[in-house]
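Here is a friendly walk through some of the packing details in this model. Have the viewer open as you read, and follow along residue by residue.

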Amino acid sequence: MDLFGREFLLPRKWARALHLEGMTASEIATKLGAPFDVVALQLLDALLLPAVEPEAEDTEVRPPKALNADQCKAAMHRGSPYLLEAGPGTGKTQTLVGRVSGLVDEGVDPRSILVLTFSNKAAGELSERIAGLRPKAASAMWVGTFHAFGLDLVRRYHKQLGFPREPRMMDRSEAIEIMEREYLALNLTHHREFMNPDRPLKEMLTAISRAKDEVADADRYAALAQEMLDRAADPEARLAAERCAEVALVFKKYEELKLAACAVDFGDLVSLPVKLLDSDSEAVSILRATYSHVLVDEYQDVNRSSVRLLQRLTDGGKNLWAVGDARQAIYRFRGASSFNMSRFKTEDFPSGTGDRLRLNYRSTPEIVGAFSNFGAGMQAGTGDASLKAYRQPSGVPPEHVTFGDNDDEANALADEILRHLHNFDFRDQAVLCPGNDRLNRMGRELERRGIPVLYLGNLFERPEVKDLLSVLSLLVDRRAMGLVRKASLQGLSTGLSLAGAASVVGHLRQTEAGPLAWAGASPSRPTLDAADTDAICRLVSMLDGFDTNAHPWSVLAHVMLDRTRTAALIASTEDISSRAMGVAIWQLMGFLRAQRSGPGLPIQRTLDAIRRLIQLADERDLRQIPLAAQGINAVRLMTIHGSKGLEFPVVHIMGLNKGSMPSTARKPACPVPDGMIAGGEGGTIALAAADHALEQECLLYVAASRARDRLQLYSATRMANGNRRNPSDFIARLGVTAARAAAPRMDREPDPEEGPLPIALGPAIKITTAQLDLYDRCPRRFLYTHVLGVGGRRTATTMTTMHDLVRTIVTEIAATDPSDMSLGDVEELLAQRWTEGPLAGDEYRLHRELAALLVQRFVAMRAGTSRSISPSLRIGIGTTTVTANADDVIMTPRGQHIVRMVRTGHQSSKTGQALADAAFQMAAVNSLPGSTVETVHLGDDDHTTKVEFDHRALGKRMEKLAEVLAAIEGGNFTPVRSDRTCPFCPAFFTCGPVPDGSLQKNL
């Protein structure tokens, strides 16, 4: 049932009232004789999305409704291709809408008008604005994004493009899934990853998408790679060419698999229509006859495939009208470039003409002057950057606010936000950052200081979302890891204590119980005190009737609307943080409902999909605030990219220090071949660096031009170590020369997550070097794995299963003397273990070949040596005993002991240098004086790293070890957050607050 039908059956206001009065969703459904899903959807909308009061009428001076002379001249242009350069706040959308209105008034059939832009948000705004003036015409014309239009063409002309039926969309997650199956068969060398191929596949697919921006296919990719190889004059150039050649192989296979699946990806949506129109003159004629007028918004965002599409849709650009601003080209990572604007009237559309809009209606003269100053020195853009302000001076210039180090940043920002409350509401203020890491930190810190913020950030990292996902995991997780998370949502709180949770998960681990064993009666769970028994019963009641095959959306809908008062409690609270929680949960439920079916348990499949989304950074669409929540009186937090097209009375721009903004260019992980990208000189690496520098300028220009009344710029004055830190040169280029120091605060409040937990270990701690390594990487994961004992691992893949088998075989081989096992014996052992395991089928032949390679490497390393049965490798540090568990200890013919740690994957940049490596060397040398310590990574060709700390380095590591051990004894388990590593952590959905109470445990 659609939204209109749901609203007719059960109006939101009525649904909300019934639920808040005490009726559950199921009771309402029974009363109405309606399906539970219909009632639940309506209740989720009514309870989680705020009924926001309309904003007060804005009395600020706005542009006149009638077009000014320059706008009118641009809108009235007819015939030849036309590019209007329109700076920030100059009324580009008003001009475009005015042109559409003029065409309709002249009798042009609305169905022949095609309006294209680049974001769904911009397309929606254009549709609304056009509908406001010409409602009937708006419903008839095509207004949307380039990619939506391209998808329409691909589906319309699917047969001409070689598809047997209308193709479906394939997202990057699915693309990586299908390529993983072929990964080993491609026999890659330079993009080889034996442990987790997701990362190299992501990088290669990004390069392939970038090639499609330039309308380059796999053959073109391969040809350019060969040209690079032919002219390579040194090993580095040859390596770059060989890497590109491998991507070409992946490109070709990827296209074959997509076609076989009758699917297209995002990059196809413009490149395939170009391919169609390059080869099908009939399609060209039909489309040109259909669309006699083509209008393009945000022309600075076009890439070469978009330009090629416009060339084919129009006859030499006839009746093509575009508007853009080269200084706002902030999407270079997807091929957008001011280069395309500079050649509009030359190479691309030689008969083209154009003009500029010079009057800014948005900002005060002081702010307009600042970003105009900056624009004059930008590399992007053509012609004069200066704009004239329509508004009267405010007398308040942009301000540069300085503070100490990053720990002082949130205090400085909070003070400035509160200072502006005299004239502006919270909702009138926006905090802009170049990236999400700083935004996440600012959001947490502002909320801790009582400042309401409207920012979803990474949806799946939000506490309330993790609460719900943790509850879901209890249905499929053998270790019931969700029990050791304290819910932030009041309705989900059960009162289970830390000791009770630890007791249950410990019992599950010892008994190797299956999923949902925690919910059974004794002996499926240990004896608990009365309070913890009641808590478990409440949790059992919450999930009663659901099993491992339950569907995530249905489970959480029943939990929140039937089994608990979670949604009602959110709806009944007026504070901003609760409203933000509601919006986030609403986004989560929409995501869960849209999940496609597939093999495996629905909940486990969904949790794995979330991990992959975060790893691939494909969850960013879920960070968008729903329209219904836009009126919440809270400070807006967003990236500069996300602020494009918006405006705010007050804008705070963070991170304006050298090295931060502009940031240092990173070498592309997987560059496309030289010669592929049009419009630049030099190789791809040089072009990427130049594009990065251009984009950094454009980002600052966009950020500064979002401000209407106040512009605040922030920079730190020192680093964490006390060294001086310089402000960004961008500040001076804006013309802001005076800095005002934020008032220092001596009362820094520590982050609650960084405080010690009431967990006592000991009295004497025994710890392994592997455990130390985990604590060094993430103390919170150490807590879950080794203190609370939930352990666990991510859902197995074929690659991780192969590594587990190799690990088992390596352990068996290490228990024998090298002379006792021939190569034939090794092969027989591998064959036996392989046939006993889950990868015995012929479809895993390549995995077996890889396993054989890893095992053979290990055997080759042991040749000519003898096995040594060493004493326990340990060393005492205070009251703590550190044990090194060696994977292999051998003796050379000269009597030299070699102690090895063996890994089946790849080494990192820190291999042999980590704290745990130093502890391992100490323990090994203490027990076997004169021994050599090695770390082995069988996945690498050069797989041996010698662990060799000198006396001075060991002394420093010993001091660090003492600090780490004291931290463990003191209950310090601060999480280390990383979008790269956190999704792989078994405790990802549990990580956060632990249950109340204390815990005494031996380690």
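Keep in mind that the model is a predicted one. In total, 15 aromatic pairs are counted. In one of them, the ring centres of Phe149 and Tyr291 are 5.7 Å apart and the ring planes stand at 75 degrees, so this pair is edge-to-face, the cut-off being over 60 degrees. Phe149 belongs to helix H9 (residues 146-156), while Tyr291 sits in the loop between helix H15 (281-290) and strand E6 (293-296), so the pair ties together parts that are 142 residues apart in sequence.

Are these two residues buried or exposed? Phe149 has a relative accessible area of 0% and is buried. Tyr291 has a value of 8% and is buried as well, because buried means under 20%.

Now look at Tyr299 and Phe344. Their ring centres lie 5.3 Å apart with the planes at 90 degrees, so this pair too is edge-to-face. Tyr299 is found in the loop between E6 and helix H16 (304-313), and Phe344 is in helix H18 (residues 344-348), so the contact ties together parts that are 45 residues apart in sequence. Tyr299 is buried at 0% relative accessible area, and Phe344 is buried with 0% relative accessibility.

H16 itself is mostly covered, with seven of its 10 residues buried. Those buried residues are Arg304, Ser305, Ser306, Val307, Leu309, Leu310 and Leu313.

## Charges over rings

Lys258 lies over the face of Tyr254, at 5.1 Å from the ring centre. Arg593 lies over the face of Trp553, at 4.6 Å from the ring centre.

## Helices H4 and H25

Trp553 turns up again in a helix contact. The axes of helix H4 (residues 36-48) and helix H25 (residues 552-563) come within 11 Å and cross at roughly 65 degrees. Their crossing is left-handed. On the H4 side the contact is made by Phe36, Asp37, Ala40, Leu41, Leu43, Leu44 and Leu47. H25 contributes Trp553, Ala557, His558, Met560, Leu561 and Asp562.

## Helices H35 and H36

H35 passes H36 in a right-handed crossing.

From H35, the contact uses Leu823, Val826, Glu827, Leu830, Ala831 and Trp834. From H36, it uses His847, Arg848, Ala851, Ala852, Val855 and Val859. An α-helix has 3.6 residues a turn, so residues three or four places apart point the same way.

## Val933 in strand E25

To finish, find Val933 in strand E25 (residues 932-937). With 2% relative accessibility, Val933 counts as buried. Leaving out residues up to four places away in sequence, Val933 touches Val899, Met901, Phe920, Gln921, Ala924, Thr945, Lys946 and Val947.

Where is Val933 relative to Val296? The two are 637 residues apart along the chain, and their C-alpha atoms are separated by 64 Å.

Terms used: Residues are numbered from 1 along each chain as its sequence is written. This is a predicted model: local features need pLDDT of at least 70, side-chain atom pairs count only at pLDDT 80 or more; totals for chains, interfaces and linings use all residues. Side-chain values use heavy atoms; hydrogens and water are left out. Rings of Phe, Tyr and Trp (its six-membered ring) pair if their centres lie within 6.5 Å; planes under 30 degrees apart count as stacked, over 60 as edge-to-face and the rest as tilted. Helices (H or I, at least four residues) and strands (E, at least two) are DSSP runs, numbered from the N terminus. Buried means under 20% relative accessible area, exposed over 50%, partly exposed in between (1.4 Å probe, protein chains only). A charge sits over a ring if NZ of Lys or CZ of Arg is within 6 Å of the ring centre and within 35 degrees of the ring normal. A crossing is left-handed if the near helix is turned anticlockwise from the far one by less than a right angle, and right-handed if clockwise. Contact means heavy atoms within 4.5 Å. Axes are lines fitted to C-alpha atoms, for helices over the stretch in contact, and angles run from 0 to 180 degrees between N-to-C directions.
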